[in-house]
Each structure stands twice: as structure tokens, then as C-alpha cells.
Amino acid sequence: MSKTLFEKIWDSHVVVDEGNGRSLLYVDRHLVHEVTSPQAFDGLRLNGRKVRRTDLTFATMDHNVPTSNRSLPILDQTSAMQVKALERNCKEFGITLFDIDSPDQGIVHVIGPELGITLPGTTIVCGDSHTSTHGAFGALAFGIGTSDVEHVLATQCIWMEKPKTFEIRVEGKRRNPHAVTAKDIMLSIIKKLGTAGGTGAMFEYRGEAIEDMTMEQRMTICNMSIEGGARAGLVAPDEKTFDYLRGRRYLPDNYEKLVDYWRENLKTDANATFDRSFTLQAGEIAPQVSWGTNPAMTVDVTERVPFPEEYAKGNLEEEKAAAKALQYMGLKAGTPVMEIRIDRVFIGSCTNSRLEDLIEASRVVKGKKVSEGVRAMVVPGSQHVKKQAEDLGLDRIFKDAGFEWRESGCSMCLGMNPDILAAGERCASTSNRNFEGRQGAGGRTHLVSPVMAAAAAIAGHFVDVRDMDLS
Amino acid sequence: MEPFTKIRSIATPLDKVNVDTDQIIPKQFLKLIQKTGFGQYLFFDWRFQSDGTPRKEFVLNHPKYQGSKILLARNNFGCGSSREHAAWALLDFGFRVIISTSFADIFYNNCFKNGILPIRVGEQVLQKLFETDGEVEVDLQNQAIRGDGIDVRFEIEPHWKKILLEGLDDIAATLLHQDEISRYESSHRDMNPKSS
């Protein structure tokens with residue numbers, strides 16, 4: 001019988017099939033971070049349980065670590081307590097931890113692939129919704145709550161209702177791949193499908209534009225599957241995938257044998273059918289800027305901030321939400337996006353903090369200065385990304401232009417550490433969520449690509465990067 | 001986990017679409033390392049002004065809805081972050097039932113794991129509930145919602161119904177499958193990471 005890639009991975013991980021659509025799935029890799037794990041470890045202790053597979057469990061601290069000088073203690077006592085709790089828990093239960101001083105530390109979804117923990121055809125979970133990122137490697141990867149973190153620690157398995165399959169086809173080629181990025185494609189998809197479009201489903205991204213992408217671009221795409229409502233997004237692995245991983249630290253010893261198997265098997269069969277399908281043309285996509293308080297509230301950079309009724313297309317609930325979003329964002333409907341002035345720029349997060357993101361952004365910045373009154377920062381996704389960028393001299397380019405160059409972590413994507421917006425501040429951000437207060441109470445977030453964020457930092461307002469020479 | 005039977009209470013109408021977990025519990029409150037005490041921070045920025053005084057216009061602050069155990073929400077409730085703190089905050093505040101047209105997947109699971117019943121209903125039923133003034137009864141055993149002029153059945157996955165009715169420990173139930181798990185593991189060793 002013909003199967004989709006998702007169905008193949010699902011079927012090969014079923015431990016118990018209840019026969020009613022619900023199955024117990026085996027988890028190949030479990031990633032753990034400091035914010036969503038303390039209560040899970042407490043639960044194990046309370047019930048006298050152990051971690052079943054310490055060798056498949058990897059932890060790091062990323063959400064509330066400071067991105068300033070690492071030799072100083074963490075000032076926020078509650079953050080320090082959470083970081084200490086993770087250290088204590090990993091030691092007690094025997095789990096590998098990449099701690100704040102480790103050269104491998106970084107955002108959990110950046111270091112998984114970097115260290116070869118992420119593999120095609122595997123199931124990967126983490127107490128974080130952006131676990132979908134790892135789907136770029138053809139892994140079935142999704143976020144879970146803390147109760148499920150405890151469940152996976154104790155049993156290495158997870159119960160799931162079988163989700164629907166949803167094909168997202170991105171056909172053709174991007175007109176200007178330096179200016180129209182993976183981020184713009186993903187924001188366009190979410191804009192069209194809505195933030196609940198993928199609820200109950202897993203996306204599989206296909207088509208020429210996806211095949212043309214580098215691994216890091218595919219990670220940006222899969223990362224934001226959750227913003228489209230899908231718990232996971234997949235891309236079938238290819239030679240780029242296998243090359244990207246080759247030589248990385250935690251690969252199994254028989255990696256090449258596995259590659260041979262994956263090459264033959266990890267793809268959707270020709271006659272397989274999806275429950276739903278959606279297609280867009282890469283050539284029609286422009287750089288995107290979000291204007292509201294959820295990622296579907298997004299327009300082309302050349303457009304104007306929409307009127308609520310124009311955005312809602314007859315849905316009264318959405319119209320109310322859009323009016324409220326405009327009020328929160330301090331924007332007037334009809335304002336050209338390129339006239340929106342910004343106060344802050346954040347280049348980072350599990351969506352856009354990898355080496356390619358920084359290289360692309362640095363091209364815009366090189367030899368220029370951050371606009372007066374704008375505060376801009378770059379937060380590399382991991383210590384490895386930071387080091388590679390510094391070896392290329394990117395830190396100098398950013399610093400010379402007036403950017404802050406930081407240590408790795410989640411930082412201002414969610415502002416659990418000291419990196420936050422003040423009320424009313426407007427930020428061009430390469431992160432994934434523009435929810436109210438996400439980057440700081442009263443802060444106003446515009447989601448953009450790294451090149452769009454860099455260009456906004458220099459101009460002081462949004463600009464169309466297609467007008468720049470980015471080659 | 002407290003077993004769930006019947007809940008009867010006034011229903012709090014939260015008339016907003018796409019409510020994300022960042023609104024349900026803002027990030028500054030995710031630093032606690034226990035599961036209790038999150039209720040005071042529920043919908044923090046919507047409930048309180050920056051000086052800490054309650055926002056009178058926000059529905060949860062209305063005297064009529066104090067002690068309510070049922071929350072009515074618009075489409076796509078609980079989207080965004082996987083933080084289970086959102087479920088802990090709702091429970092700690094006193095909500096045992098949330099009724100909406102749809103929920104985000106991770107949040108939906110997190111509710112059941114903590115003894116909260118999330119119910120999906122059609123748009124017309126939800127609208128009727130939003131308009132009702134009196135108490136609403138949610139009867140899990142019979143999968144029914146009853147109120148003034150309302151008597152409808154709802155769907156729920158049988159597994160979750162059982163978990164809620166009996167207040168079961170999920171992990172203990174899974175560990176009954178030890179043999180199957182071990183068998184799976186011994187036949188899939190080739191995917192193990194290199195130990196270092």
C-alpha cells in the first residue's frame with residue numbers, strides 16, 4: 001500500500017496499536033530544557049521512577065540564560081534556580097547536559113542537528129512547541145507538555161491519536177533567493193492557511209522550492225509549522241540532509257548503512273494520498289512583515305497595514321481581533337508597511353539564528369551603521385554558530401555597524417531572560433511569534449526574515465530588500 | 001488527579017479568537033518549578049493593569065463570574081507555546097471545563113493530563129452558550145452539556161473519558177506495556193546515538 005513519509009515513520013514506531021487510531025509510539029530522541037522539565041523530574045522522584053533511556057535523552061539550558069557575559073552569575077534568582085534545577089536533575093538521573101559553560105550549549109533546536117542527535121526517520125520530542133524544526137531532516141518531531149515529558153522520561157514512549165496528513169507544495173523557484181527567504185515562504189503559508197489551518201494534522205513540505213533549499217532554510221520552514229497549527233512538519237531527506245549530518249558527534253556507528261536505507265525508503269510513495277493539500281508558487285512571494293498579534297496577520301512589505309474588515313473577510317470574530325491587534329500594535333490601518341519606524345531589532349531564535357541567517361544578514365549590514373535611535377542585537381543560536389560566525393569575521397561586521405553581539409540562547413524571542421522590549425517599543429524580529437507581550441509586556445513585534453531585520457536596522461524603518469544588491 | 005464527574009457552574013464567556021498560551025500565562029511566570037500556584041497569574045496582562053489593579057472590563061474580573069468552573073472560548077484556544085503552565089494556571093484558578101469550537105493540539109492534550117475537560121462544539125452551540133445567563137451543567141459520563149434551553153451531546157475520545165472519570169495515572173498504565181516496549185527496543189538498536 002502506498003504511504004506518505006509521515007505514515008512510514010508513524011508505522012515504524014508503533015509499540016502498541018489500540019486499534020482506535022490511538023497508538024503508543026516509541027521516542028528515539030528526547031530533548032530537555034530548563035523551563036518545561038523541573039515538574040517532570042519531580043514527578044519521577046515522587047513515584048520512585050527512573051529515566052528509562054538516558055542514552056536517548058539530551059538536555060541544555062536555553063530559554064532563560066543571559067546572553068551577556070557568561071562569566072557572571074545569573075542575576076535573576078528564579079532563572080538561576082531553574083538552571084540549577086536542571087543541573088541537579090541531569091546529574092541525579094544520569095542525563096547528558098550541555099550546560100551554560102559548554103561549547104555545545106545553544107537553543108535546543110539548533111544544537112540537536114549540530115550534534116547529530118537529530119536523524120532522519122526518527123521520532124523526536126521536546127517540551128517545546130518548536131520541536132517541529134527537526135522535521136527538516138525527515139524526522140517526526142513535535143512539542144509536548146510537561147506531563148508528557150515525564151511520561152517519555154519514564155517510558156520512552158508517547159500515546160498519540162493518529163493525526164491527518166497535510167501536503168504543502170511550494171512550486172517553482174524564488175525570484176530573488178537572497179531577498180525572498182524561507183521565512184517569507186513560511187509566513188506566506190501561515191497568512192493563507194491561518195494559525196489553526198494545520199490543527200490535528202502534520203505538514204509535509206514538498207515541491208521544487210523546498211528541494212532547492214539548504215538544510216538551514218528547511219529548518220526555518222519546519223520550525224514555524226506550529227504557527228500554522230500543525231504539531232510537526234516534514235521534509236523528505238535527500239543528499240543535502242545526509243551530507244549536512246555526516247561527521248557529526250552523536251551519529252550512530254552504522255550511519256552510512258542507515259543512509260542507504262533512508263535514501264530508498266524515506267519518501268512519500270508516488271501514489272500515496274494526503275488528507276489535505278495546499279499549493280503556492282514560490283515566484284509570487286514577496287518579503288513579508290507581520291503587522292498584528294498572530295503570525296497570520298502578515299502582509300507583503302510593499303502593502304499597507306490592512307483594515308480589520310479587509311483582513312477578516314467576513315469573519316466577525318477575526319475582525320474584532322484585528323481591530324484589537326491594531327490598537328495593541330499602535331498602528332493605523334492604511335499605513336504603508338515601509339513607513340513603519342522601529343526601535344529595536346532582534347536577529348536570533350530557533351527560527352533564524354543559524355550561520356546562514358547571520359551570513360545573509362551581514363551582507364546587508366556590511367559597511368553601514370544602525371540607524372540613530374535603533375537598538376539592534378544578534379543572538380547566535382548556539383556556541384558553535386557563534387564561533388563559526390566569528391571565524392568568518394561576522395561579529396566584526398555587526399559590531400562595527402552598531403549591533404550588539406551576544407551569547408547564545410532563546411533571548412528576546414520570548415524574553416524570559418533580561419532581553420526584553422519595553423512597553424510600546426517596536427521591534428523587527430526574526431523570531432516566530434508576535435503575540436501580545438511575547439517579547440516584553442506592551443512590546444510590539446513585527447516578524448521578518450534576517451535580511452529584512454538587518455535592512456530595517458540600517459534604515460530605521462521597513463524596506464523592500466529586493467531593491468538592494470544582496471549577491 | 002481528581003476524578004471528573006459532573007460540573008455545574010456559571011460559564012465565563014471569553015469572547016476572543018486565537019487565544020495563545022502566552023496570554024493564558026505570560027513567560028515571566030514560567031520560572032516556578034512546581035505545578036501549583038499559577039492561578040494568580042492566569043491571563044495576567046488582561047486581568048491586571050501595569051500597577052497591579054484589576055482591569056474592571058475584563059470578563060474574569062466581573063463579580064458575576066467569580067467561582068466559575070467553566071470557560072467559554074472562541075476558535076483555536078490555547079495556540080502557540082507548549083507550556084503546560086497554561087493548563088496548570090486554568091486549573092489552579094478553578095476552571096475544570098473549557099468549551100470552544102477548536103483547541104490547539106498540544107494544549108488539548110495538556111488539559112486532559114491535568115483533569116481539565118476541553119470540549120469541542122459546533123459554532124451554533126457555542127454561540128448559544130455565550131448567550132446563556134444561567135448555570136451550565138457538563139456531564140462527562142453522558143457526554144452532555146445542559147443549560148437554559150440547551151441540551152446537547154459532545155464527542156470525546158474514549159481513552160480521555162476514562163482517564164478523566166477515573167483520575168488515572170497515565171505512566172502507570174503505560175508501564176503495563178513494559179514487554180512490548182522492551183521488544184521494540186531490542187529490534188531497533190541500530191538507531192542509537194554514539195555514546196561519548
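The exercises below, each with a worked solution, concern a predicted model.

Residues are numbered from 1 along each chain as its sequence is written, and chains are lettered from A and ligands numbered from 1 in the order in which they are written. In this predicted model local features need pLDDT of at least 70, side-chain atom pairs count only at pLDDT 80 or more, and totals for chains, interfaces and linings use all residues, while side-chain values use heavy atoms, with hydrogens and water left out.

**Exercise 1. Aromatic pairs**

Task: Find how the rings of A:Phe6 and A:Trp10 are arranged, and state where these residues lie.

Solution. Start with the rule: rings of Phe, Tyr and Trp (its six-membered ring) pair if their centres lie within 6.5 Å; planes under 30 degrees apart count as stacked, over 60 as edge-to-face and the rest as tilted. By this rule the count over all chains is 29 aromatic pairs. One of them joins A:Phe6 and A:Trp10, with 5.8 Å centre to centre and 45° between the planes, and is tilted.

Next, locate the residues. Both A:Phe6 and A:Trp10 belong to helix 1 (residues 5–11) of chain A, 4 residues apart, about one turn of the helix. Helices (H or I, at least four residues) and strands (E, at least two) are DSSP runs, numbered from the N terminus.

Last, check the accessibility. Buried means under 20% relative accessible area, exposed over 50%, and partly exposed in between (1.4 Å probe, protein chains only). A:Phe6 has a relative accessible area of 3%, so A:Phe6 is buried. A:Trp10 is also at 3% and is therefore buried.

Solution. B:Phe44 has 24% relative accessibility and so counts as partly exposed. B:Phe48 has a relative accessible area of 16%, so B:Phe48 is buried.

**Exercise 2. A charge over a ring**

Task: Determine which ring face A:Arg248 lies over and which ring face B:Arg74 lies over.

Solution. A charge sits over a ring if NZ of Lys or CZ of Arg is within 6 Å of the ring centre and within 35 degrees of the ring normal. A:Arg248 lies over the face of A:Tyr244, at 4.3 Å from the ring centre. For B:Arg74 the ring is that of B:Phe130, and the distance from the ring centre is 3.8 Å.

**Exercise 3. Two helices**

Task: Describe how helix 13 (residues 355–365) and helix 15 (residues 394–401) of chain A cross.

Solution. Two packed helices are described by the angle between their axes and the distance between the axes. Axes are lines fitted to C-alpha atoms, for helices over the stretch in contact, and angles run from 0 to 180 degrees between N-to-C directions. Here the axes of helix 13 and helix 15 of chain A come within 10 Å and cross at roughly 45°.

Now classify the angle. Angles under 35 degrees count as roughly parallel, over 145 as roughly antiparallel, 65 to 115 as roughly perpendicular and the rest as oblique. Helix 13 and helix 15 of chain A are therefore oblique to each other.

Then list the residues that meet, where contact means heavy atoms within 4.5 Å. From helix 13 of chain A these include A:Leu355, A:Leu358 and A:Ile359, and from helix 15 of chain A they include A:Leu394, A:Ile397 and A:Phe398.

**Exercise 4. Single residues**

Task: Place A:Arg53 in chain A and name what A:Arg53 touches.

Solution. A:Arg53 is in the loop between helix 2 (38–46) and strand 4 (57–60) of chain A. Its relative accessible area is 14%, so A:Arg53 is buried. Not counting residues up to four places away in sequence, A:Arg53 touches A:Tyr26, A:Gln156, B:Glu185 and B:Asn192.

Solution. With a relative accessible area of 0%, A:Cys157 is buried. The C-alpha atoms of A:Cys157 and A:Val16 are separated by 9.9 Å, although the two are 141 residues apart along the chain.

**Exercise 5. Chain B as a whole**

Task: Summarise chain B by its helices and strands and by its buried residues.

Solution. Chain B has 8 helices and 7 strands. Its C-alpha trace spans about 60 × 45 × 25 Å along the principal axes. Of the 196 residues in chain B, 58% are buried.
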